[in-house]
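Here's a quick look at the charged side-chain pairs in this structure. Where do they sit, and how exposed are the partners?

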Amino acid sequence: MIEFHHLGFRQICGGCPESYEIIDADGAQVGYAHLRNHCFTVRTPDSAGVEIYESFTHGDGVFSRDERDGELEAAAFAVRRHFDPDYDGFAAARGDNPSPD
């Protein structure tokens, strides 16, 4: 399983479309991502859910070699921001802990 922003990406199809279930730390599915016809979309909480991210890629059904990590990281950030609009991925990556006001 690939992980970005503390979310796991479990690949459920290797191509046409390349697709993933997005899993939180408790093992619950919080999103679904797939790439088809050069369009990468992310829905939450599953494939029938609300579309929260879309991008257009070089890969068609499968990411090109240089796209996958960046697109999955963007997908994870979109899911995290969907559930927590104040989520700051940069602070999380640095290990910052915001202090309460």
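E18 and R68 form a salt bridge, with their closest N and O atoms 2.7 Å apart; the term covers a side-chain nitrogen of Lys or Arg within 4 Å of a carboxyl oxygen of Asp or Glu. This pair ties together distant parts of the chain: E18 belongs to strand β3 and R68 to helix α1 (residues 68-83), 50 residues apart. Those labels are DSSP runs counted from the N terminus, with helices being H or I of at least four residues and strands E of at least two. E18 is buried at 0% relative accessibility, while R68 is partly exposed at 25%. For reference, buried is under 20% relative accessible area, exposed is over 50%, and partly exposed lies in between (1.4 Å probe, protein chains only).

Bear in mind that this is a predicted model, where local features need pLDDT of at least 70, side-chain atom pairs count only at pLDDT 80 or more, and totals for chains, interfaces and linings use all residues. Residues are numbered from 1 along each chain as its sequence is written, and side-chain values use heavy atoms, leaving out hydrogens and water.

How many salt bridges turn up in the whole structure? The search finds 3:

| Pair | N to O distance |
|---|---|
| E18 and R68 | 2.7 Å |
| R10 and E21 | 3.2 Å |
| R43 and E51 | 3.6 Å |

R10 and E21 pair up through their side chains, and they too link distant parts of the chain: R10 is in strand β2 (residues 7-14) and E21 in strand β3 (residues 18-23), 11 residues apart. R10 is partly exposed at 38%, and E21 is partly exposed at 21%.

As for R43 and E51, R43 is partly exposed at 26%, and E51 is partly exposed at 36%.
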